[in-house]
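This briefing looks at a predicted model, taking its pocket and then its nonpolar cores in turn.

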Amino acid sequence: MTTELIKGKGPGGRPEPDAGDLVLDASGVTLRFGGVTSLDGVELSMRRGEILAVIGPNGAGKTSLFNSLTGAYVPQEGRITYRPRAGGEHELRGRKPHLVNHLGLARTFQNIRLFGALTALENVKIAAETRLKSDPVSIMLGLPNARRAERASDRRAHEVLDFVGLAAKLNELAGSLSYGDQRRLEIARALATDPQVLLLDEPAAGTNPTEKLELEELIRGINRELGVSVLLIEHDMRLVMSVADRVMVLNFGKKIAEGSPSQVQRDPAVVEAYLGASAEPEEAAEGADGTDGGGVPQARDGEVTDERAAQDGPGKDEA
């Protein structure tokens, strides 16, 4: 799969996605639970072929946004438009989750949702078989077209497991895999549905530093080698700043900032949302305490850290 790109360099020196080629376009998305507003007029424009990160403090509405995009929740207001590579437009608001997936969007979850008593291969085959073109009668009777479809899903499952680095563990029970491997398996299951957009909900939660580095490379590979647009929720700011083309920030259900990683980490509203204090003027010189002059803590390699997320750990965003 390929994506149309324009000149310019994103993370890792790769060309930046075309700003005019939108794969997801959401406007005025408002989601309420009784008297609580989880999303308040949220706007999202995702370019085809990019990695877009959605960040924000715990409870900001990030997972509620994912659930609205994938059909788990139905917002009371707004539009969510998906534009597949083949052309045309599809309204996602109010569409059932399995129909959203058939259009080309797949997701993972904060809490791993694997079939623990099934093998890694069986978990991925279940997802791959959602693309089978055989009807139930052909499958029950074992007709030739059903057998061909079965072989195709088996081949697809092996390919995806190899891509995420689990080829050697395909016959192990999902519940017996390490936490990091379970995260990879969940990503493999999503990829088996052949998505054009992959939504990753805190994929690094609970992983160790080595697993985070491996995950970083996997996300880049999914985006570059498979041509899949990636929408990422993540608390690990080092991971976000290293892989994302653009970053969107939510706080209390509203979008408060959007831009390149370097722009967002210096935005006063973002600093205040994360650290709970007003940012210093942008022109302030870098302080001796290791901040960038705007109050955002900096890692030794110059990348922003997420102090609040590091203290709180991964949490739920739903209202």
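In this predicted model, the largest pocket has a volume of about 500 Å³, and of the 24 residues that line it, Pro-97, Asn-101, Ala-106, Arg-107 and Phe-109 are the closest to its centre. Because domain 1 (22-104 + 196-316) and domain 2 (117-194) both give residues to the lining, the largest pocket lies between them.

**Lining of the largest pocket**

- At least two lining residues come from each of helix 2 (97-103), strand 8 (105-107), helix 3 (120-128) and helix 6 (179-191).
- Helix 2 gives the most to the lining of the largest pocket, supplying five residues.
- Sorted by class, the lining of the largest pocket comprises 11 nonpolar, eight polar and five charged residues.

**Nonpolar cores**

- The largest nonpolar core holds 46 residues, of which Leu-161, Leu-185 and Leu-198 touch the most other members.
- This core, too, lies between domain 1 (22-104 + 196-316) and domain 2 (117-194), because both domains give residues to it.
- A second, separate core has 27 residues, among them Leu-39, Met-46, Ile-80 and Leu-231.
- As a general background, nonpolar side chains tend to be buried together in soluble globular proteins.

**Surroundings of Leu-185**

- When its neighbours within four places in sequence are left aside, Leu-185 is in contact with Leu-114, Ala-120, Asn-123, Val-124, Leu-161, Leu-166, Ala-174 and Leu-177.
- One of these contacts, Leu-161, is named together with Leu-185 among the residues that touch the most other members of the largest nonpolar core.

Definitions and conventions:
Residues numbered from 1 in each chain as written. Predicted model: local features only at pLDDT ≥ 70, side-chain atom pairs only at ≥ 80, totals over all residues. Heavy atoms only, no water. 1 Å grid on protein atoms, 1.4 Å probe; cavity = no way out; pocket = protein on both sides within 12 Å on 5 of 7 lines; lining within 4 Å. Points joined across faces, edges and corners; volume = space filled by probe spheres on them. Helix = DSSP H or I, 4+ residues; strand = E, 2+ residues; numbered from the N terminus. Nonpolar A, V, L, I, M, F, W, Y, C, P; charged D, E, K, R; others polar. Domains from an automatic or database assignment. Core = buried A, V, L, I, M, F, W, Y, C linked by side-chain atoms within 4.5 Å. Buried < 20%, exposed > 50% of the residue type's maximum accessible area, 1.4 Å probe, protein only. Contact = heavy atoms within 4.5 Å.
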